[in-house]
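Biologist: I would like a close look at a single part of this model. Please keep it brisk.

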Amino acid sequence: MTGLSMSGDGAEREDFREILRLVRPGTRVLEIGCGEGVLLDLLAREKGVDGRGMEISPEGVSACLARGLAVVQGDADRDLADYPSRAFDYAILSQTLQQVRDPRAVLSELLRIAERAIVSLPNFGHWRVRWSLLTRGRMPMTEELPEPWWSTPNIHLCTLGDFTDLCADLDVRIEACAALDHDKPARPIDPSRGIENWRAEQALFLISQPNAVRAPAAPAAAPAPASGDDLFSR
Amino acid sequence: MSRDTGAEQLVGTDGGLLRFGPDQPLRLDSRAVLNGLEIAYRTYGTLNADRSNAVLVCHALTLDQHAAGENPATGKPGWWSKVIGPGLALDPAKHFIVCSNVVGGCMGTTGPSSVNLETGRVYGLTFPVITIADMVRAQAMLIDALGIETLFAVVGGSMGGMQVLQWAADYPDRVFSAICIASAPRHSAQNIAFHEVGRQAVMADPDWRGGDYASQGARPEKGLAVARMAAHITYLSEAALQRKFGRELQRDGLSWSFDADFQVESYLRHQGASFVDRFDANSYLYITRAMDYFDLAEAHGGVLANAFAKARHVRFCVLSFTSDWLYPTTESRSIVKALNAAAARVSFVEIESDKGHDAFLLDEPVMHGALQGFVDSAAQARGLR
């Protein structure tokens, strides 16, 4: 959704290559914000995954249907609650966390629904962003963040450091992290190192939540709650 | 075409009437039994050699088996001519498409206006109350008689969508893909309320004669027309009505009477009047009742996901329309949620339209595109050409 090019079948996209490397073959994957289904298609073809998608735009969902993908129109902030716990091996949220209303809740939902989550985001701590803010005193506009502040969909930007802090706060373990720099191969990094917070343009995390208290599997099918306030009995 | 099911094919190869013998009664949810069931149906296209390309199209409340081609009763094109046809989502060149009139209907399938073979009299209100599951059970008998084991797709909008869900719940092994459009997993209080208005309008007509109008040579046309007028409003949206009619008058100036001054009044009166020509009042009572009784979760411990527990292999497509307030998107979302909870394979699109509930019958390119994409990819997965 940000500055990454969307041409071709996506196989050349570095973030997609990195996700393909991380996902084990034959697993169940939910991609939130799957667009026209390019990554899901790649995952199905190259990794034999059983993929599902969620996408906010009807055009995107229609394109996914034509690819034969199972995709539901929905909003990450609202509709993740519809999925049962631990229904997937991976939940993928690519370049979207900074666009949701409640990133903390969404992150928790990802790790309720899936064993592991793969999350990528632009790093607001990158030196070019910092330099732009320092020298111009205006909200930075870079290749990763091309829109002015008043029209950007990125309402919850964070730095690499901010994200690792949130993970620690939620008891989320970072199993792997890669820096994605423009047009360069993905570079494995230790996100807790301050220098990476200056160097990485984008980062891609593989995370899990090993110690979380789990609800029993698949409780989501509970009947609709009976209405507490009976309008007509008053 | 018919196997040794004992069913008797009465007309034609592209449909007609199928009559089941006394050895094949239709057992209803009410525990009543219908003997001598007749099913009126139409087919489009050819069943392929391995019988894998059959599509069952399920019709809505007041529609019929004439989904495409010309409707012989009205002379108009079938109600889903924009979906069924050469190059369209359901293509007779690729699919064997079957559409049958529901049990309880009045277009040839056994219903309250049929003659009860045991008494020699028109059923009227002695016809047993039927359910959506009964309609589906009758369809399964038809599909058996046509020699079809598994349906490539079951498709329907509104009440047709309810039948689609019922198929997935009752015959999951016989369904490869299921498309449920502008529908709901149960009737809401508002749905039941509107239907009750319609039924009361019919029953308030003195010519209804306690349901026995057929044998008394009467027709409750006024009551049925009012029922249709009220129902028709629920199929549209405020925006669509406003766009089409606004406050436009039929003639210059007001009549200062209760004539149809406004175009919208005239339109509704026309809808009511033309409806009574083609529909039976008692069928209207029975079919609306079947819809009101529909609650798919209830039969599965109150948990909708349980209804789909054996349908995980089915490819589901759920579609809704933004301006449909009769079966709003929240209803479709509850279906999707249950399918997700059952770990079924579901796709869902909410289509932007201001045409209300009836959008599924109208020219909606986004719906047609979604249907085409879904059907084509399912056909590929099914190994159809």
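In which crossing, left-handed or right-handed, does α3(B) pass α7(B)?

Modeller: A word on the source first. This is a predicted model: local features need pLDDT of at least 70, side-chain atom pairs count only at pLDDT 80 or more, and totals for chains, interfaces and linings use all residues. Residues are numbered from 1 along each chain as its sequence is written, and chains are lettered from A and ligands numbered from 1 in the order in which they are written.

Now the crossing. α3(B) passes α7(B) in a left-handed crossing (the near helix is turned anticlockwise from the far one by less than a right angle). Helix α3 of chain B spans residues 189-204, and helix α7 of chain B spans 281-293. Helices here are DSSP runs (H or I, at least four residues), numbered from the N terminus. The two pack at an angle of about 160°, with their axes 10 Å apart. Axes are lines fitted to C-alpha atoms, for helices over the stretch in contact, and angles run from 0 to 180 degrees between N-to-C directions. α3(B) and α7(B) are therefore roughly antiparallel (over 145 degrees).

Who makes the contact (C-beta atoms, placed from the backbone, within 7 Å)? From α3(B) come I192(B), H195(B), G198(B), R199(B) and V202(B). α7(B) gives A281(B), Y284(B), L285(B), T288(B), M291(B) and D292(B). By class, the contact of α3(B) with α7(B) has 6 nonpolar, 3 polar and 2 charged residues. Ala, Val, Leu, Ile, Met, Phe, Trp, Tyr, Cys and Pro count as nonpolar, Asp, Glu, Lys and Arg as charged, and the others, Gly among them, as polar.

Chain B also meets chain A: 27 residues of chain B are in contact with 19 residues of chain A. On the chain B side, the largest share, 8 residues, comes from α10(B).

Note on methods: Contact = placed C-beta atoms within 7 Å. Parallel < 35°, antiparallel > 145°, perpendicular 65-115°, else oblique.
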